[in-house]
Amino acid sequence: MFPVQHFGGYNGRAMTTAPFPACRLRRLRAQPWVRSLVREVRLAPQDLIWPVFVTDGPREAVPAMPGVERLPIPDLVEEAKRAQGLGIPAVALFPVVPPGLKDDAGSEALNPDNLICRAIRALAAAVPGLGLIADVALDPYTAHGHDGVLRGGVVVNDESVEVLARQALLLARAGAGAVAPSDMMDGRVAAMRAALEGAGLPDTLIISYAAKYASAFYGPFRAAIGSDAALKGDKRTYQIGPPNAGQALREVAQDVAEGADAVIVKPALPYLDIVSRVACAAQVPVFAYQVSGEYAMLRSGAVPWERALMESLTGIKRAGATAILTYAAPEAAALAKSG
Ligand code: PBG
């Protein structure tokens, strides 16, 4: 149903071309003016979502992610205004929760005055029109670092879903325009949709991390929010195994059936085939998350940062994502504007 714009003018045509020398494909690349006219994908600031780390502590750099900072709420408001000025439509919010507030149940997630709810209220008041996407998962809040409730060493599904639906409701009430469940429990989207409808919040979007893989590329993020030291074991009993595409398609189908408005594929670069297949198969928009490890790799100095960033974002859009979450959103927006 979605315009398969990512296949450009070639979509549906037979794979055929005139033989050399009648066809010299280099003619389409020879001059800047023709390169511009044949370009299939153009990245715009309007395609980007900026994930940000919020803290109650001082503004500080995230060592594992050069150029990324943890922002106290007043600084976050200023930076969010700047991002909006660059044309970025939305931010995705992640809290840095001090160890003293973490417990086994993740109860701080349900505190209506927690850091993230205060950040949402401040942004909603000071930066009207900016999309506020609130992550739904317990890992910033749990002492064990898992996204759900742990019982006897197992992340239990249905009890987790109950807590996550309450968390989603709290975030929506604080003023989040979208909740983004990243926990990978079964049935969470249906529970959140029912909770939102029941509370008179029918317009809150659910942008679900439907295809979230158990990835090594989340390392710097876990360091940034301080859930790495806490994490006991791994997340392979709920996040999808990297070799599997079929489960991603089923997760997407189920989340859409349960009421998700858009879905996220995460990470992006090692999963571009998933982005492409979901974009072709799903009846909803597909976003892709260029995660912390991808960002850190691009920033490592091994490749020219600006060109490699724009190339990777263009590749993600070409694969079929209508929007991309990237920690480099402000930089990429400025680069996209300048051509
Ligand atoms: C967990 C969550 C994770 C990320 C976003 N939400 C990591 C995880 O599953 O441990 C990772 C994002 C990134 O690496 O940039 N709810």
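Reader: Is Trp33 buried or exposed?
Author: The model is predicted, so local features need pLDDT of at least 70 and side-chain atom pairs count only at pLDDT 80 or more, while totals for chains, interfaces and linings use all residues. Residues are numbered from 1 along each chain as its sequence is written, and side-chain values use heavy atoms, with hydrogens and water left out. Trp33 is found in helix H1 (residues 32-38), where helices (H or I, at least four residues) and strands (E, at least two) are DSSP runs numbered from the N terminus. Because buried means under 20% relative accessible area, exposed over 50% and partly exposed in between (1.4 Å probe, protein chains only), Trp33, with a relative accessible area of 58%, is exposed.

Reader: Which residue in E9 does Ala178 stand opposite?
Author: Strand E8 (residues 178-181) has both faces covered, with Ala178 and Ala180 buried on one side and Val179 and Pro181 buried on the other. E8 pairs with strand E5 (residues 131-136) in the parallel sense over four bridges, pairing requiring that DSSP find at least two bridges between the strands, and Ile133 stands opposite Ala178 there. Two bridges also join E8 to the parallel strand E9 (residues 205-212), where the residue opposite Ala178 is Leu205.

Reader: What is the relative accessible area of Thr204?
Author: Thr204 lies in the loop between H5 and E9. Not counting residues up to four places away in sequence, Thr204 touches (heavy atoms within 4.5 Å) residues including Ala176, Arg193 and Asp261. Thr204 is buried, and its relative accessible area is 7%.

Reader: How far apart in space are Ala176 and Ala64, C-alpha to C-alpha?
Author: Ala176, in the loop between helix H4 (157-174) and E8, is buried with a relative accessible area of 5%. In sequence Ala176 and Ala64 are 112 residues apart, and their C-alpha to C-alpha separation in space is 28 Å.
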